Amino acid sequence: EFKTQLFRFVDVFPRCRDADDVLRHLSEYFDGVPVPRAVELGLDVAEQVPLGRVVSAAVARRNVRRMARQFIAAEDAQGAVVRLRRLWDQGEAVTVDLLGERVVSEDEAQRYADRIVELVDVLSAGTPGWPAREVLERDPWGALPRVDVSVKPTALSPLFAPLTGAEALDAAAARLRPVLDRARAGGATVHLDTEHDEAKDLGYELLRRLGREHPDVQLGCVVQAYRTDSYADLHDLVAWSARELQIPLRIRLVKGAYWDHEEIVAASAGWPSPVFAEKSQTDANFERCTKFLIDHAGEVRPAIASHNLRSLAHAIAYAERRGLGTGALELQLLYGMAEPVHAALVREGHRVRVYAPVGELVPGIAYLVRRLLENTSNESFVRHRFAEGRDLDELIRAPVVEHHRLDEQPVAPRRPATDPRAPTPFTDEPLAELRRAHARAGLAGGVRDAADRLGFAAPVLVDGQAVATDREIVSVDPGSFDRVVCRSGGADGSIVEAALDVAASAWPAWRAAPWEERAAILFRAAAILRARRVELTALEVFEAGKPIAEADADVCEAIDFCEYYGREALRLSRGTRVGQVPGEANTYSYEPLGIGAVISPWNFPLAIPTGMITAALVTGNAVMFKPAEQTPGTALRLVEILHEAGVPPGVLAFLPGLGEDVGAALVEHPRVAFIAFTGSKAVGLQIIEAAATVRPGQRQVKRVLAEMGGKNPVVVDTDADLDVAVPAITQSAFAYAGQKCSAASRVIVLDPVFDELVGRLAGAAAVVPVGPAQELRTVCGPLIDADAYERVARYRSLAHETSDVVVERDDVPVGGWYAGPVVAVTDDARSPIATDEIFGPLLTVLRAGDFDHAIALANDTDYALTAGVFSRTPSRIAHATGSLRAGNVYVNRGITGARVGRQPFGGSALSGVGFKSGGSDYLLQFVETRVVTENTIRQGFAPPPDEGESTPQA
Ligand code: FDA
């Protein structure tokens with residue numbers, strides 16, 4: 001607990017504004033936390049200083065800065081020259097890493113690149129006077145430049161990620177060009193560091209691009225041995241260097257610094273982990289890679305980077321065995337880590353290169369936390385040897401791993417169809433792992449194939465039979481008007497009447513079917529959806545203009561609803577015995593409501609109707625399904641799948657049509673017992689009003705579940721991590737062009753960080769990929785139709801009249817309903833852009849004087865759907881989560897993307913009525929409860945009361 005709090009404190013420290021702020025965080029993190037004895041002694045000393053609080057803050061600050069100085073060589077390039085000279089005099093060469101990792105805008109990336117140029121210039125000017133040192137300046141393959149820099153590829157472009165790789169590579173290569181020109185002219189090595197998984201392949205692509213453009217510059221790269229694919233990468237890199245470079249590539253072999261991150265990302269997404277699970281595997285692979293590198297010395301320049309004596313000794317011994325001279329192998333260590341090892345290696349005559357980070361604490365904090373993690377990890381050699389003093393013989397024992405286990409590549413397990421008799425616990429369907437090339441290719445291919453299958457017919461279906469209609473509804477690709485996706489029939493009142501007749505006769509058998517049988521149908525539907533996942537994703541891309549990743553997530557959510565509600569139905573089916581007393585048996589159970597209407601929107605064209613329909617069906621109801629006019633094709637596929645899975649045709653009618661025809665007829669019909677609706681507030685309120693009127697022949701009070709809109713706020717506190725907040729807000733506001741009811745539409749920022757946040761947000765909004773939904777890179781696709789386009793256009797001009805528009809993107813394709821991101825800053829919290837649901841990519845920013853003011857502004861709305869807060873103050877987070885008026889409150893993350901079972905979703909106030917979808921209460925809305933009481937006494941004798949579950953009633 002202390003370690004967690006210490007890391008949190010170090011993480012937030014650079015953003016503390018003054019002594020009081022430091023103290024506030026100290027007490028927030030450490031009050032009541034048991035402090036290890038050694039640290040306690042340190043704190044006692046601090047507290048004994050007579051000046052009290054201010055001095056304690058100063059002590060804390062001094063300590064964090066001292067910790068930073070341990071690992072960070074200097075604050076700027078000039079300071080670095082002095083420090084590096086000292087290392088050189090001790091017999092150590094350097095590679096300099098400029099701190100600064102997360103860039104969210106082109107400006108930030110350009111600043112990073114400019115700083116590297118400056119660093120190279122300063123080093124080039126500062127190092128020639130250093131005394132000559134043969135061992136550091138020459139190896140068997142030639143001279144080694146004194147200037148050596150290590151660059152983080154992700155800092156060279158805000159789009160350095162798999163889906164935007166092409167443009168990121170162009171930008172990164174262009175930004176590095178002046179650095180490489182200098183490297184060629186003055187002699188310098190340029191290393192590309194390897195970071196987290198998403199950036200690895202792209203980093204190697206950048207390396208290859210640089211190698212092609214500058215084959216005569218000394219380039220370097222990093223291979224992480226904790227990765228399961230590192231041995232294969234190493235083979236490719238060695239072959240490439242031998243084939244294409246004039247100067248052999250320097251390959252730095254490390255174990256890797258992002259192990260926890262990789263494990264967390266993979267586990268939370270349900271993806272196979274890209275790193276080994278056991279430390280001994282990493283160690284064994286490191287040794288295998290070491291041998292390969294040494295075997296190919298000359299084709300590449302091998303560098304072994306580790307603080308583990310076993311790993312280093314193994315490399316040295318193997319190089320000796322292979323007859324390599326001392327100078328052929330470079331050993332690299334981090335600045336400030338395992339210093340006795342540095343000294344020993346220098347003494348032994350090896351070339352040691354120190355990785356020396358340079359920069360200020362704010363951009364350096366991620367690096368610092370990585371080093372703290374590394375030094376405190378239970379598996380760390382440095383900790384075992386230097387902190388715990390473990391026996392050296394034990395520590396240098398060879399790692400024991402069967403070699404074939406190092407070659408096993410992780411694969412996602414296939415999911416068998418769920419067995420209703422023994423369902424496994426629910427887990428979410430993993431989203432497509434788009435960081436992998438094969439997943440990207442699969443979806444992109446699916447979208448290409450789907451283009452040939454468009455223009456299909458979606459007839460009205462009653463009892464599974466197509467019904468001819470006078471009206472036709474045509475759905476088109478909102479990103480390309482001339483592409484017809486589907487021609488659907490248009491149901492009307494008389495078809496509704498016929499469908500209700502059929503449902504009335506089909507329903508009793510469905511109602512009487514065992515719950516387990518109905519649940520099994522949902523599990524079968526999930527399996528079919530899974531099998532047709534790519535095809536359905538592609539269809540949504542065309543029909544709803546939904547970008548590929550978002551469409552894939554929608555299909556996953558549909559699968560999740562089937563799996564989750566299937567399991568929930570099995571739970572409800574058990575019923576319960578209640579209030580047992582002798583002579584009386586009481587059974588509590590659930591009965592379906594009857595025939596209901598499901599009216600669904602276009603923005604989650606598969607998931608939302610799947611959720612509403614399957615919940616209604618699995619509880620034994622019949623469903624009249626009216627999909628949104630914009631997406632009948634996707635809706636048809638869902639109905640086909642449910643019928644194929646075993647839903648009797650009579651209990652699920654497909655009634656595409658206009659809201660005013662079919663929707664109204666259903667809502668008002670006396671035989672419709674409930675309405676499940678998701679859509680706009682205006683229509684939802686009309687439905688609630690219409691459903692409240694009891695009409696002739698009606699024998700039930702209609703139940704209405706309505707999911708409506710939102711005007712969702714995100715509060716940004718003074719100590720928020722803006723590296724996290726800015727991308728999360730940008731994604732929440734602009735993904736799918738802001739057309740999600742959960743989308744962020746207001747950002748409320750505390751005054752001290754207002755300008756910084758607005759500046760960075762504007763920079764991030766300026767690079768949001770806008771384009772056709774069919775392109776993998778697209779985040780902000782088209783709006784759904786002309787009405788949406790006109791509405792957004794109206795608010796855009798209103799924004800100009802009432803606010804300061806800091807970003808307005810017009811770089812959009814033609815031929816579709818495109819509107820680019822807009823960021824508008826206003827002081828008027830009652831301005832329509834701050835109060836109305838726009839359902840488009842327009843984000844309004846408001847300033848708050850203090851945290852209470854921010855919460856008050858956030859709550860000043862008719863809606864209560866989603867809300868977010870970015871803060872690193874536990875008491876403020878608690879305050880926000882307790883007082884933000886929203887059904888779903890998100891802390892330090894984006895506010896969209898709720899997952900079934902994990903973030904049951906839904907709002908209150910004018911955002912909706914009903915329990916949350918994807919949650920354990922949802923099915924209760926589709927049933928009524930029944931209690932049966934039986935007198936069990938006969939002639940004074942009664943059996944003992946049963947306990948627990950009863951037999952299913954329906
Ligand atoms: P040690 O022998 O203690 O091993 C620690 C390693 O084991 C870590 O990689 C850890 O993740 C891994 N591990 C821990 N538990 C595990 C488990 N259960 N299963 C599998 N593996 C487990 N890193 C990076 O990612 N990119 C880079 O570009 C660089 N650059 C760089 C340059 C230089 C000069 C140095 C010295 C280091 C780096 N690093 C790096 C950091 C490097 O990855 C990190 O310092 C090492 O992983 C630490 O390994 P050691 O051999 O020193 O220690």
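Two strands pair if DSSP finds at least two bridges between them. The exercises below use a predicted model.

**Exercise 1. Work out the sheet that contains E11, E14 and E15.**

Step 1. Set the order. The three strands form an open sheet, E11-E15-E14, with mixed pairing.

Step 2. Find the edges. Strand E11 (456-458) and strand E14 (471-477) are the edge strands, and each pairs on one side only. On average, neighbouring strands of this sheet are turned by 35° against each other, direction ignored.

Step 3. Take the antiparallel pair. E14 and strand E15 (residues 480-490) pair in the antiparallel sense over seven bridges. Arg471 has Gly490 in E15 as its bridge partner. Val476 stands opposite Val484 in E15. E14 and E15 form a hairpin, with two residues between them.

Step 4. Take the parallel pair. E11 and E15 pair in the parallel sense over three bridges. Here Phe456 stands opposite Cys486 in E15.

**Exercise 2. Describe how H21 packs against H25.**

Step 1. Start with what is needed. Two packed helices are described by the angle between their axes and the distance between the axes.

Step 2. Read off both values. The axes of helix H21 (residues 515-531) and H25 come within 8 Å and cross at roughly 130°.

Step 3. Classify the angle. Over 145 degrees would count as roughly antiparallel, and 65 to 115 as roughly perpendicular. H21 and H25 are therefore oblique to each other. Their crossing is right-handed.

Step 4. List the contact. From H21 come Ile521, Arg524, Ala525, Ile528 and Leu529. They meet Ile641, Leu642, Glu644 and Ala645 in H25. By class, this contact has seven nonpolar, no polar and two charged residues.

**Exercise 3. State the geometry and residue classes of the H19 and H22 contact.**

Step 1. Geometry. Helix H19 (residues 437-451) and helix H22 (residues 533-543) have axes that come within 8 Å and cross at roughly 65°. The crossing of H19 and H22 is right-handed.

Step 2. Residues. H19 contributes Gly442, Leu443, Gly446, Val447, Ala450 and Ala451. H22 contributes Val534, Thr537, Ala538, Val541 and Phe542.

Step 3. Classes. Gly counts as polar in this scheme. The contact of H19 with H22 then divides into eight nonpolar, three polar and no charged residues.

**Exercise 4. Do the analysis for H28 and H29.**

Step 1. Geometry. The axes of helix H28 (residues 722-734) and helix H29 (residues 751-765) cross at roughly 50° and come within 10 Å. That makes H28 oblique to H29. The crossing of H28 and H29 is right-handed.

Step 2. Residues. On the H28 side are Leu722, Asp723, Val726, Ile729, Thr730 and Phe734. On the H29 side are Glu756, Leu757, Arg760, Leu761, Ala764 and Ala765.

Step 3. Classes. The residues of the contact of H28 with H29 comprise eight nonpolar, one polar and three charged.

**Exercise 5. Classify the aromatic pair of Phe9 and Phe30.**

Step 1. Context. The structure holds 18 aromatic pairs. One of them is formed by Phe9 and Phe30.

Step 2. Values. The rings lie 6.1 Å centre to centre, with 65° between the planes.

Step 3. Class. Planes over 60 degrees apart count as edge-to-face. The pair of Phe9 and Phe30 is edge-to-face.

Step 4. Phe9 lies in helix H1 (residues 2-12) and Phe30 in helix H2 (residues 19-30), so the pair ties together parts that are 21 residues apart in sequence.

Methods
Residues numbered from 1 in each chain as written. Predicted model: local features only at pLDDT ≥ 70, side-chain atom pairs only at ≥ 80, totals over all residues. Heavy atoms only, no water. Axes fitted to C-alpha atoms, helices over the stretch in contact; angles between N-to-C directions. Helix = DSSP H or I, 4+ residues; strand = E, 2+ residues; numbered from the N terminus. Parallel < 35°, antiparallel > 145°, perpendicular 65-115°, else oblique. Left-handed = near helix turned anticlockwise from the far one by under 90°. Contact = heavy atoms within 4.5 Å. Phe/Tyr/Trp six-rings, centres within 6.5 Å; stacked < 30°, edge-to-face > 60°.
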